Amino acid sequence: MEILLTSDMIQQRIREMAGEIEADYPADENIHLVGVLKGGFMFMADLVRAMGSRVTLDFIAVSSYAKSTKSSGEVRLVKDLDSGLEGRHVIIIEDIVDTGLTLTYLQDILRARAPRTLRTACLLSKPSRRKVDVVVDYIGFTIEDRFVVGYGLDYAEQYRNLRDIAVLDGE
Ligand code: PRP
């Protein structure tokens, strides 16, 4: 497989993103990170380790009903958060924004829970695939429309454990 982003490139960019994020919030206020399962688990794990101590985290899991209906934007909530968001500085942590449909759904349902602020951080963005105009406050890498795996991203549940991000052969 062709390596698109090496582990070193990813880790370097995550350190920069952690710095950008922390600089945007008052130093004495907690930042609550909401990781989106499953793809976002590795980005979440490295991002929190690159940030200081004023971080709490939670996870949410969503699934599109089926690949064939993904374009409809139907998203199913598979696992909800453990705690409420009211009055908190919340950042959604995603591995990739593609059409933007999943993220739009997540932003809508989380905004309804009255966080003090709501922002989004995505490691990867494929702007050429966008179907809805969604705001992403922190983007790690902007990439072409190629099928990427590794670092949390899967093909048929495989390759999530790769340290690098690779382009899948034949895609
Ligand atoms: C991926 C990714 C985002 C979504 C982005 O999740 O983690 O949640 O797709 O696509 P979109 O912008 O077109 O909505 P996926 O459905 O593959 O689930 P996974 O994270 O469990 O692998």
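**Helix packing, ligand shell and backbone**

Analyst: H1 and H2 are oblique to each other, because their axes cross at roughly 60°. Keep in mind that this is a predicted model.

User: Where are those two helices, and how close do the axes of H1 and H2 come?

Analyst: H1 covers residues 7-23 and H2 covers residues 41-50. Their axes come within 9 Å.

User: Is the crossing of H1 and H2 left-handed or right-handed?

Analyst: The crossing of H1 and H2 is right-handed.

User: OK, ligand now. How many residues surround the ligand?

Analyst: There are 15 residues around the ligand. The closest are Glu94, Asp95, Thr99, Gly100 and Thr102.

User: Which polar atoms sit by the ligand's oxygen atoms?

Analyst: An N or O atom in the Glu94 side chain is 2.6 Å from a ligand oxygen. A polar backbone atom of Asp98 is 2.8 Å from an oxygen atom of the ligand. Arg160 places a polar side-chain atom 3.0 Å from a ligand oxygen.

User: And how much of the ligand does the protein bury?

Analyst: The protein buries 86% of the 500 Å² that the ligand exposes when taken alone.

User: Which element gives the most to the shell around the ligand?

Analyst: Strand S5 does, with four residues. S5 spans 89-97, and helix H3 spans 101-111. Each of these two supplies at least two shell residues.

User: What classes of residue make up the shell?

Analyst: Seven are charged, four are polar and four are nonpolar.

User: Switching to backbone. Where is there a cis peptide bond?

Analyst: A cis peptide bond joins Leu37 and Lys38, with omega at about -5°. Lys38 is in the loop between strand S2 (31-37) and H2.

User: Which residue has a positive phi although it is not a glycine?

Analyst: Tyr151, with a phi of about 50°. Tyr151 lies in the loop between strands S8 (148-149) and S9 (165-167).

User: Why flag those two spots?

Analyst: Because most residues other than glycine have a negative phi, and most peptide bonds are trans.

Terms used. Residues numbered from 1 in each chain as written. Predicted model: local features only at pLDDT ≥ 70, side-chain atom pairs only at ≥ 80, totals over all residues. Heavy atoms only, no water. Near = heavy atom within 4 Å. Polar contact = N/O pair within 3.5 Å; in protein donor to acceptor, adjacent residues only side chain to side chain. Areas by Shrake-Rupley, 256 points an atom, 1.4 Å probe, with all protein chains shown as cover. Nonpolar A, V, L, I, M, F, W, Y, C, P; charged D, E, K, R; others polar. Axes fitted to C-alpha atoms, helices over the stretch in contact; angles between N-to-C directions. Parallel < 35°, antiparallel > 145°, perpendicular 65-115°, else oblique. Left-handed = near helix turned anticlockwise from the far one by under 90°.
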